[in-house]
Amino acid sequence: MHVRFTILAALGLAAASPAAGQWTNRYPKIQGMSHHVYLEGYELPSLTIGPIDPAVAPDGRRIAFASRGWLWIMDLDSGVARRVTSGAGIDARPAWSPDGNRLAFVRDDTRETAIVELDLASGRERVLVDERAIDLDPSYAPDGTSLYYASAVNGDLDLWRLDLGSGAKTRITTASGSQELQPVVLADGKRIAYLAKGAGNDVRVRDLATGVERTLLSGPILSMTRLAAGPDGRTLAVTWPDPDGRDWSLQLVPVDGNPYPIQLTEGHGMPLTPAWHPNGRSVYYAEADREQRMVLYRAASDGGSVEPVPVNSWDWGRPTGRVRITTRIGATAVAARLSVTDANGHPLVPDRGQPRFDGQNGVVFFYSEGTVELEAPSGPIRVEAVQGLATPVASGTATVSAGTAAAVDISLTPIWDARAAGWLAGEHHFHLNYGGPYRLPPEVLAPMARAEALDVLTPLLANLHTRFEDQPLFRWSAVDGWPAIAWGQEVRSHFLGHLGLIGTEELFWPWIWGPGYEIHGRDDRANAEPLAFGRRLGGISSYVHPISVREPFSEAGKARIPVELIADGVLGLFDTIELVCLWSDELGSMDVWYRLLNFGSPIALSAGTDVMNNFYRTMAVGTTRVYVRSDPAAGYRGYLAALAAGRSFATNGPILEFTVDGQDPGAILARGGREVGYELRVHSVAAVDSIDVVVNGAPVARLGPLPAGGSKRFSGRIRIPAGGWVAARALGGPTRSWPAMDSYAFGHSSPIWIGQRGSTMPATRQAAAADLLTAFDVALGRLRQSYQGTPIPRLEAQFAKARAALLP
């Protein structure tokens, strides 16, 4: 630890480093969840356009559901939906009391969830459960005296019972390290069915008196699985992934006997949130259409027909009007990222397009192509807008009147024009579809790119454990103009480290192998194979989201470095490193990258968000990105060549235009051992606390802070050694507002090399090799331990070659 502190101090970052690095969680942390993004993305409610979470009333004539973050009750005969909640919170997952007079539901305030009960006659609400934790999935007992729900009050999600008379709460499940969710009470009131996630992913039935359980279904990563208990008490309706891994179906599963399901919606893409009609003859569910609007459907429980259940009209319970919002740069309407709220602070969204929730800033957002119209309750509304990372938030207000259309014009004022300055913006690691509630087509990406001022997008195909959701899209591309969009691949040996391959026209197989996988789990295969595959096909390779801890060379941190990263780095087997990513720590990744550069490995920068675009709870594409100096006339392939050459800087906000002796990043200075001039132009919407010019990782010019929204030119002279590299970096405090969505402000240029690419100084190389070797030895020990005696001669040979390179 003392050694690490000394290194940080030498880099000049000990005092300036923010406390938080990798984005971890917005809602209270669940024990045992290493990737909280999945829990928040899969298990927490979503704000949707159109009905989701249907629940049919006991009288069979009404259906409650959530839409636009409020609850509605629709008369099934007339198709008129009436809004029954109207506050600031996001309301979802309604459950009817047995007498049909009350609804229990989940209320989300963007920091935690609670369970609230609404009396339909009076409109009065009462909070039933608010543990300052994640509380979910209310379900009344058949006699109406108690309520079952899931709560993380004890650290992980367990099932609980609330006595509605006394208020007493009883914990039902107590297993540690697993998550129990979605309790549904069977008709006899003596058993519950629920979903268990953790060591396994199961649909289970539990006897409430004895605690005896039976597993009905099991499967990997049940992201959108939800349950509904049939009125006969003998059948569950379950949404379940199909074996091909790309579609879902609605299935009926018997509670007793052999749990062999039958499919009600085979070939119907992604049914969500099932609910039985009380007569048992049909099951309702929601599914998104091509414009990301949820549509209500009804499937006959004996199979056969599936029909839409339209909402014929929406009764907001108060007058509404329309709002037309236009975003401009100068006189030109431009695409933008928008957030709109009503007088209560509740998000407002348009009639089509997917809403999303920014978990860093707590903001619901959507995209506009320049002009968008939406419906709003009468009263004041507020609009906030940005385009990419270079525009400060611009806002506007309007008052909506009944039956009229209000107009809001927002003028965006970028602090920097990337195209005019000769740069193209790229986002090289995100996933279009990854287990979320939408099935997005790739055509949605160009509007996002325009709204985020991105020129190049490379969505990565990735496995969802054993499922490969977007594989059929791999050959889809749109690279003849800007934005240019082409698919890449994330190759995942979880154990050895995740790789990104872009610019290739073939897929590497197998995508997944090594300890932790059922198939190929003992393969003697190194990451060197897909890295070599990518180079043979003219692609660019990267270690993605490499380091998630701030101190990777501490004793604990060494065990968090991907097992093969150092070996492949010292052997020069990959082209770029994803220095800036939402799911890793920039300073920790920088610490490893600096040592690889000092060892003599010429690794350029890349960046990507690693967001899952079909989640509701996801940050925006391009909020971590790389800027590449490339002539637009050279097209997509010219851009990739410039990226591989290191003519770039990576950032989540601060913009760095850096030259040394008139040379850009990626260039080679003719010789070292002399004094040279530098120029650095910095622009940043967020405040920057420190700006440095670094030589071989050590600051040689401390250029001071930059206020929010500032632009400043720095210049001076520095002495450079005979070998090594020069770069610029910027660091700021925690993110508080748009346009940024990463944890703290950070930007770094790729290196400008001295003398030749990969040059170094003997003492610098020796120090880097010593640090890398200590982490390498930890990685080698992890490799051997995890393969548990399985012969791995190819992996051993790969590591032996790297170790020999590191030794003096």
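**Entry 1: the second largest pocket**

I began with the second largest pocket, and its volume came out at about 950 Å³. I kept in mind that I was looking at a predicted model. Next I asked which residues lie nearest the centre of this pocket. I found Val 56, Ala 95, Trp 96, Ser 139 and Ala 229 there, out of 36 residues in the lining. Then I looked up the elements that give two or more residues to this lining, and I noted β1 (52-56), β5 (90-96), β9 (135-140), β13 (179-185), β17 (227-229) and β21 (272-276). I sorted the lining by class too: 26 residues are nonpolar, six are polar and four are charged.

**Entry 2: cavities**

How many cavities of 30 Å³ or more does a search of the whole structure find? I wrote down five.

I took the largest cavity and noted about 190 Å³ of space in it. Its lining has 17 residues, and I marked Tyr 42, Arg 93, Met 224, Arg 226 and Thr 273 as the ones nearest the centre. I saw that α2 (36-42), β1 and β21 each supply at least two residues of this lining. By class, I listed seven nonpolar, six polar and four charged residues around the largest cavity.

I moved on to the second largest cavity, with a volume of about 80 Å³. I counted 13 residues in its lining, and His 428, Gly 500, Ile 502, Ser 542 and Ser 606 are the closest to its centre. Here β42 (497-502), β43 (540-543) and β44 (576-580) each supply at least two lining residues. I found six nonpolar residues, six polar ones and one charged one in this lining.

**Entry 3: nonpolar cores**

I looked up the largest nonpolar core and found 96 residues in it. Which of them have the most contacts inside the core? I noted Phe 658, Leu 680, Ile 691, Ile 718 and Val 726. Helix α4 (residues 445-451) gives the largest share of this core, five residues.

**Entry 4: Gly 435**

I found Gly 435 in the loop between β36 (423-427) and α4. Is Gly 435 buried or exposed? I wrote down buried, because its relative accessible area is 1%, and the cut-off for buried is under 20%. Beyond four places in sequence, I saw Gly 435 touch Tyr 42, Ser 223, Met 224, Leu 464, Glu 469, Asn 614 and Phe 615. Tyr 42 and Met 224 were already in my notes as residues nearest the centre of the largest cavity. I also checked Gly 521, which is 86 residues from Gly 435 along the chain, and the two C-alpha atoms are separated by 23 Å.

**Entry 5: Asp 523**

Where is Asp 523? I placed it in the loop between β42 and α5 (528-536). Asp 523 counts as buried because its relative accessibility is 16%. I found a polar contact of 3.2 Å between the side chains of Asp 523 and His 520. Not counting residues up to four places away in sequence, Asp 523 touches Trp 513, Tyr 787 and Leu 795.

Technical notes:
Residues numbered from 1 in each chain as written. Predicted model: local features only at pLDDT ≥ 70, side-chain atom pairs only at ≥ 80, totals over all residues. Heavy atoms only, no water. Helix = DSSP H or I, 4+ residues; strand = E, 2+ residues; numbered from the N terminus. Buried < 20%, exposed > 50% of the residue type's maximum accessible area, 1.4 Å probe, protein only. Polar contact = N/O pair within 3.5 Å; in protein donor to acceptor, adjacent residues only side chain to side chain. Contact = heavy atoms within 4.5 Å. Core = buried A, V, L, I, M, F, W, Y, C linked by side-chain atoms within 4.5 Å. 1 Å grid on protein atoms, 1.4 Å probe; cavity = no way out; pocket = protein on both sides within 12 Å on 5 of 7 lines; lining within 4 Å. Points joined across faces, edges and corners; volume = space filled by probe spheres on them. Nonpolar A, V, L, I, M, F, W, Y, C, P; charged D, E, K, R; others polar.
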